[in-house]
Amino acid sequence: MTLTLENLQKSYGSLPVLDHCSFSFSSGRIYCLMGPSGSGKTTLFRILMGLEPADGGSIRFEPSSPEFSAVFQEDRLCETFSPVENLRFVLGKSVSREDIRRELSLLLPEESLSRPVFTLSGGMKRRTAICRAMTAHSDLIIMDEPFTGLDEDTKKLVIEYIKSRQRGRLLIVSTHQEEDVELLGGELVRMERLRAAAPRS
């Protein structure tokens, strides 16, 4: 799958956030978007997922109509559900509870898997959201600052998990840390490079 942005534009009032952004992303690779707060990373993700419209330019997926999974800046979990129930809600009954527990146990302590999410720490919630995104059926995975609230050792564990579960899909991650790019083995894409740049493969 390829994702191509051509002259993508978005403003809020008189403030331009995305200014003629052009780039091409390809399946099987990890792209790490970096830029200061307000540079348009979250706005780009929201446009890609159809949560808000662009003001101009185009987005082309080949093949068309890909399936998305995402980690937002907020965890967006069902707080009264357990981690197992949160994943089961997305995956459906085609995946057994035992398989879901086995997957979650790669990132979470066993004792946390059946507890309501609201009783978990912020880091545990984050890991649940990441596991949900990686196990969902998708062609494109979007992660908006996914490592917020994780200590260094946990972050490394999570990154290894993400890499092991990418499985040829396109992964786009926003981060503020250049070390995350190295740990992910990703391609660094600075937001300023997207502005008025010719698309490339």
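In what order do the five strands of the open sheet run? The order is S5-S6-S7-S3-S8, and the pairing is parallel. Strands and helices here are DSSP runs numbered from the N terminus (E, at least two residues, for strands; H or I, at least four, for helices). Two strands pair if DSSP finds at least two bridges between them. Strand S5 (68-71) and strand S8 (187-190) are the edges, and each pairs on one side only. From one strand to the next, the twist averages 20°.

This is a predicted model: local features need pLDDT of at least 70, side-chain atom pairs count only at pLDDT 80 or more, and totals for chains, interfaces and linings use all residues. Residues are numbered from 1 along each chain as its sequence is written, and side-chain values use heavy atoms, with hydrogens and water left out.

Now look inside the sheet. Strand S3 (residues 30-34) and strand S7 (residues 170-174) pair in the parallel sense over four bridges. Ile30 has Leu171 in S7 as its bridge partner. Helix H1 (residues 41-48) packs on the sheet. H1 touches S3, S5, strand S6 (140-144) and S7, where contact means heavy atoms within 4.5 Å. The direction of H1 makes about 150° with that of S6. Axes are lines fitted to C-alpha atoms, for helices over the stretch in contact, and angles run from 0 to 180 degrees between N-to-C directions.

Next, a helix pair. Helix H4 (residues 122-135) and helix H5 (residues 152-165) pack at about 10°, with axes 10 Å apart. H4 is therefore roughly parallel to H5, a label for angles under 35 degrees. H4 brings Arg127, Ile130, Cys131, Met134 and Thr135 to the contact. H5 brings Thr154, Val158, Tyr161, Ile162 and Arg165.

Cys131 is buried at 0% relative accessibility, and Cys21 is buried at 1%. Buried means under 20% relative accessible area (1.4 Å probe, protein chains only).

Finally, confidence. The protein has a mean pLDDT of 93, and 97% of its residues reach 70 or more. pLDDT is the predictor's confidence in each residue, from 0 to 100. Over residues 197-201 the pLDDT is below 50. Beyond near neighbours in sequence, this stretch has 13 contacts in the model. Where pLDDT is low, the predicted coordinates should not be read in detail.

Methods:
Buried < 20%, exposed > 50% of the residue type's maximum accessible area, 1.4 Å probe, protein only. Parallel < 35°, antiparallel > 145°, perpendicular 65-115°, else oblique.
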